Amino acid sequence: MIWFKGIEFAHPGFFWLFISIPLMVGWYTWKQKQLQGNLAMPTIRGFAMITKSMLPRFRHLGIILRSLAMAALIIALARPQSSLSWQDTTTEGIDIVIASDISGSMLAEDFKPNRLEAGKNIAIDFIQNRPNDRIGLVVFSGESFTQCPLTIDHSVLVNLYADIKNGMIEDGTAIGMGLATAVNRLKDSEAKSKVVILLTDGSNNSGSIPPVTAAEIAKQFGVRVYTVGIGTNGFAPYPVQTPMGIQYQRLKVDIDEGTLSKIATITGGKYFRATNNSALKDIYEQIDKLEKAKIDVTQYRKKTERFLPFAIIALALLSLEFLTRNTLLKGAIT
């Protein structure tokens, strides 16, 4: 019922008193039957002069008013209360930069539809599950650049993430440059926790900053790095455009796990290996659990008593029953 929307009752046990209403009506009905009797009349001529009145139709008005008054009184005794609640939320946010490899090898289709698209889709889910953190995006292949600086506006970030593709910059795998760019975005952050998630499927073969040097810089600025090597074990199908259309070549997966592990160790992070979409999703879930933002929630509740209208209704109904019984229905059998 819309009247009771948002209403709580302090003493709901009083609702058991509703049982008394049908008992009261039952007792009234039984009493009415006891009052019926027969009257012998020699003739009915005298009744011909009696004018028809509407009053007999209202002779049960008393029990109706008493029943409604009883219902209103029970609700009043149950103490209906409207509650207004609100909360203050304090977040001790985490700043995260995702550094994603977009080199040509990321088009290998050992992940579905390929490594790059799978990484984007799973990372976007990760972003959407962390509404309280500032997150940024760095992409790298032969060079690196910031696709999106740290932001709490995740809709913008997700749109920019969805736009990344192979060929945006010179091909290659500059892991050190990608990590250094990500660290540069975090170095001035005042967040309690600063994190880089670095995804790559290869070995550093480009850029002017060695990966381990970038890791040492990250350590100096208190940045923790989770490294993720993506690619199946052995060989992976790689699409090649030919005059005959797209042909697939089987290329050996070559991830520099030693360097990625060293980066994670130096910075206090962790190295993960993803061999398929499911494994990559699990890795993001593990990182999500490792990097939980601290949230303090203080909840306030304000309750307002709402019993008075029901008490007034009960009093009004009882008063009306008293008035009708002593005026309009006075002398009637009720």
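N132 is partly exposed, because its relative accessibility is 33% (buried means under 20% relative accessible area, exposed over 50%, partly exposed in between, with a 1.4 Å probe and protein chains only). N132 lies in the loop between α3 and β4. K292 is 160 residues away from N132 in sequence, yet the two are 9.9 Å apart in space, C-alpha to C-alpha.

The model is predicted, so local features need pLDDT of at least 70 and side-chain atom pairs count only at pLDDT 80 or more, whereas totals for chains, interfaces and linings use all residues. Residues are numbered from 1 along each chain as its sequence is written, and side-chain values use heavy atoms, with hydrogens and water left out.

The chain has nine helices and 11 strands (DSSP runs numbered from the N terminus, helices being H or I of at least four residues and strands E of at least two). Of its 334 residues, 39% are buried. Contacts (heavy atoms within 4.5 Å) between residues at least 6 apart in sequence join residues at least 24 apart in 82% of cases. The accessible surface of the chain is about 19400 Å², and carbon and sulfur atoms account for 58% of that surface (Shrake-Rupley method with a 1.4 Å probe; for residues, only the protein chains shown count as cover).

Strand β6 spans residues 193–200, and eight of its eight residues are buried, so the strand is largely enclosed by the rest of the structure. The burial applies to both faces: S193, V195, I197 and L199 are buried on one side, and K194, V196, L198 and T200 on the other.

Two strands pair with β6 (pairing requires at least two DSSP bridges between the strands). Strand β3 (residues 94–101) runs parallel to β6 and is joined to it by seven bridges; within this pairing, I96 has V195 as its bridge partner. Strand β7 (residues 223–230) is also parallel to β6, again over seven bridges, and Y226 in β7 stands opposite I197. Between β6 and β7 the chain passes through helix α6 (residues 211–220), and this β-α-β crossover is right-handed (with the strands pointing away from the viewer, the path from the first strand over the helix to the second runs clockwise).

The charged pairs come next. Side chains of opposite charge can pair when their charged atoms come close. The whole structure contains 12 salt bridges (a side-chain nitrogen of Lys or Arg within 4 Å of a carboxyl oxygen of Asp or Glu). One of them joins E117 to K120, with 3.2 Å between the closest N and O atoms. These two residues are separated by about one helical turn, because they are three residues apart in helix α3 (residues 115–128). E117 counts as partly exposed at 26% relative accessibility, while K120 counts as buried at 5%.

R130 takes part in two salt bridges. One is with D133, at 2.6 Å from N to O; the relative accessible area is 2% for D133, which is buried, and 4% for R130, also buried. The other is with D288, likewise at 2.6 Å from N to O. This second pair links distant parts of the chain, 158 residues apart: R130 is in the loop between α3 and β4 (134–140), and D288 is in helix α8 (residues 277–290). Both R130 and D288 are buried.

A separate network is formed by R66, E321 and R325, which are joined by salt bridges that share partners. E321 is located in helix α9 (residues 308–326) and counts as buried, because its relative accessibility is 5%. Apart from neighbours within four places in sequence, E321 contacts G62, L65 and R66.

Helix α2 (residues 61–77) holds L77. With 35% relative accessibility, L77 counts as partly exposed.
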